[in-house]
Amino acid sequence: MTEILDYDDVLESFDPAIGLEVHVELSTASKMFCGCSTTFGAEPNSQTCPVCLGLPGSLPVVNAKAVESAIRIGLALNCQIAPWGRFARKNYFYPDMTKNFQTSQYDEPIAHDGWVDLEVEGEMFRIEVERAHMEEDAGKLTHVGTSGRIHGAEYSLLDYNRAGTPLIEIVTRPILGTGAKAPQVAKAYVSHLRDLMRALKVSDVRMEHGSLRCDANISLAHKGAQELGIRTETKNVNSLRSVERAITFEMRRQGALLLDGGRVKQETRHFDEATGTTRSGRSKEEAQDYRYFAEPDLVPIAPSAEWIEELRATLPEQPVARRKRLATEWDADELAMRDIVAVGAMDMIEETVAAGAPPQAARKWWVGELARRANEGGVELEELPITPRDVAEVCALVVSGELNDKLARQVFEGVLAGEGSAREVVDARGLAIVSDDGALKEAVDKAIAANPDVAARIRDGKHQAIGALIGQVMKAMRGQADAGRVRELVLEELG
Amino acid sequence: MALTADDVARLAGLARLHLTEAECAELAPELDIILSSVDQVAAVARDDIPMMTHALPLTNVMRDDVVTPSLTPEQALSGAPATEDGRFRVPQILGEDA
C-alpha cells in the first residue's frame, strides 16, 4: 500500500512543479507521410502501405495540411514559428513502429516559445509553452495473455492503422507557483487546449478515443529550495478529471516519501482510473538514448512569412475570449457556462441564437433535453439529427404561444426521429396548443365536476390545490393547452 | 579522442547488434578511421558554412491531404513471420514490468 500524505500537509512543506506534454492527433484525411486513411476503427491493417509499414525503399512525403495545422496551433499558442526546420529520427526498438524509429522533430520544432493565459478560480496563471512539434503516432498493440498487460503477456498483436497518423506534441516549461491549485491549473490548461483545438478545427480532441493524450510530469521541492525536485512522469492521463486526480495523487505520494526522508525515483508511472492512484511503470535506470538525427528522407520545412501571416488570419477567436463574450451575450453565469462546455453545446447554442432564438431558451433545450438524448444515444450533441435552425424554429413556436414546453419536447422527438422539420412535425402530429377557450372551458368544467373535493378546497381559498385540476385538464387536452390559461379559467370558475 | 571497444559495445547495444568482445575491439579502430575522416571535413567547414543534411537545396516538398489506396490487410501481412486475427504477431515484448 502506497503511503500518502494529506494534501494540506504536502503544501505546508513543498512547492509543486508540473510539466505537461499533450499529444494531439490531427484530423487530417490522410497520414503524416503517406496517403493512407486515418479513419478510426477500420479493419486492422487495412490502412497501411510501404511507407507507414517502414518497408525498404519507401519514401515519406509530408502532408501539407498537417504542417498547416501545426503552424495554426503554434500561432494560437502564441508561439514563434521556425522559418526553417527539419524532421528527426527518434530511434528506439519497440514493435509499435516497424521502422525502429519514430519520425519526429528534435532541436528544430516548428513552433516554440509560446504561452497560454488561464483563469482558475479568479486567479490568472501564465503557462509557458516550450515547443509544439510534429511527429507521427505509433501502431496499436494488444497484449495476449492472462493479464492483458505487458507483464505476463505471452505475445502481442499489432495493428498499424494508426501508425503514421499526424500528431502535434505540445510541451510546457515547468509550471511553478501554482501551489494548492496545481492540479486545477493543469486541468484548466488541458481543457483550454481541447477547446482551442476544437475552435481551430484541427482535431476532434476526443480524449476517450485517444486523440488528445496527456503525460504529466510532477515534482515537489522543499519550500524555498532553489532547485526543482526529482520528477515522475505519469503517462496517458486520458480525461480532464484524471489530470487533476493523477497530479493530486502524485503530490501526496511524493510528499509522504520526502517527509519520510526518502527519495523520489525518476520513473514513468501509470494512472489507474479505477483507484485514482499511480503505479510504477518502466523505470528509467538506463537513461533513454534515442540517438536523434536529422531525417535524411525528408527535406526541411521552411514556411514563408506570407504563408504564416495567411494562416494567422484564419485563427478563430480565442476560447477564453469567446466564452466571456457569449456569457455576457447570453446572460449566463460561470456555472451555467461550465454546463454548456461540459455537454459541448457552445457552438449549437450560438448558432441557435443566431437563427433568432432567445438565448435562455436555446441554452435550456441544448443543455437539458437534447444533451440528455445525446447522452442516452451515446453520441455527441452535434451528431444528433437536429440542427440549430430546427431548435430556433421550436423556440419561435413557444414564444408565439403555439407550443408549450411539453409539446416542444414532442416536436424534438419527432425531428430526431426523422419526421421532418419542426413545423412539419407540429402539423403532422397536430401538436399546436388549443387556444380555443370553448374546448378548454369544457375540459375545466369536466375536471371540476369530477373532483368536487378539490373544487371545494379551491373555493375556500386553498389555491395550492389548483395543480391537481390543471393536471387533469392538461391530460384531457393531451398536453396541448397553455397551463397558464387553464389556471385562469379554473380561477374564473372557482375563485 | 579515439573510439574505444567500450564505446562500440554501447553503440552495438543501442542498435541491438550482438557483437563479441573481439569484434568490438576489431571495429573500434576501423570506426575511428571513419570518424577522423569526418573530423577532417568538419575542420575545413567554418561557422559561415551551414550544416548540410541533404544533397539537394530543397525545402517544402509536400503533398496534398488526399487519401490514396492502401495495401489490403493480406498484402500488408504477407511478409510477416507470424499473424493472428489480421494482425502482426510478435513475441512477448522485452522483459519489462509494466
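1. Start with Leu141(A): its opposite number in E9(A) is Leu158(A). The two strands involved, E8(A) and E9(A), pair in the antiparallel sense over six bridges. A second pair to look at is Val144(A), whose bridge partner in E9(A) is Tyr155(A). Keep in mind that this is a predicted model.

2. Now follow Leu158(A) across to the other chain: Leu158(A) also stands opposite Phe88(B) in E3(B). Strand E3 of chain B covers residues 87–91, and four bridges join it to E9(A), with the two running antiparallel. Put together, you get an open sheet of four strands in the order E8(A)-E9(A)-E3(B)-E2(B), with antiparallel pairing. At the edges sit strand E8 (140–145) of chain A and strand E2 (83–84) of chain B, each of which pairs on one side only.

3. On to the contact between the chains as a whole. It takes 43 residues from chain A and 33 residues from chain B. On the chain A side, strand E2 (62–63), helix H2 (64–76), strand E9 (153–159) and strand E14 (277–283) each supply at least two residues. E9(A) gives the most to that side, with seven residues. By residue type, the side of chain A that touches chain B divides into 22 nonpolar, 12 polar and nine charged.

4. E2(A) is joined by two bridges to strand E1 of chain B (residues 62–63), and here the strands run parallel. Within this pairing, Val62(A) stands opposite Met62(B) in E1(B).

5. Chain A also has an open sheet of three strands, in the order E5-E4-E15, with antiparallel pairing. Its edge strands are E5 (101–104) and E15 (293–294) of chain A, and each pairs on one side only. Strand E4 of chain A (residues 88–91) and E5(A) run antiparallel and are joined by four bridges. As an example, Arg89(A) has Thr103(A) as its bridge partner in E5(A).

6. Stepping back to chain A overall: it has 16 helices and 15 strands. Its radius of gyration is 29 Å, well over the 23 Å that the globule rule gives for 495 residues, so chain A is more spread out than a compact globule. The C-alpha trace spans about 90 × 55 × 50 Å along its principal axes. Of the 495 residues, 41% count as buried. Among the contacts in chain A with a separation of 6 or more, 68% are between residues 24 or more positions apart.

7. How is chain A divided into domains? Domain 1 takes in 7–308, domain 2 takes in 319–429 and domain 3 takes in 437–494. The centres of domain 1 and domain 3 of chain A, taken over C-alpha atoms, are separated by 63 Å.

8. Last, the confidence scores. The model comes in at ipTM 0.87 and pTM 0.78. Chain B averages a pLDDT of 88, and 94% of its residues score at least 70. Where pLDDT is low, the predicted coordinates should not be read in detail.

Note on methods
Residues numbered from 1 in each chain as written. Chains lettered and ligands numbered in written order. Predicted model: local features only at pLDDT ≥ 70, side-chain atom pairs only at ≥ 80, totals over all residues. Contact = placed C-beta atoms within 7 Å. Nonpolar A, V, L, I, M, F, W, Y, C, P; charged D, E, K, R; others polar. Pairing = 2+ DSSP bridges. pLDDT = per-residue confidence, 0-100. Rg over C-alpha atoms; globule rule 2.2 N^0.38 Å. Buried ≥ 20, exposed ≤ 12 C-beta atoms within 10 Å, placed from the backbone. Domains from an automatic or database assignment.
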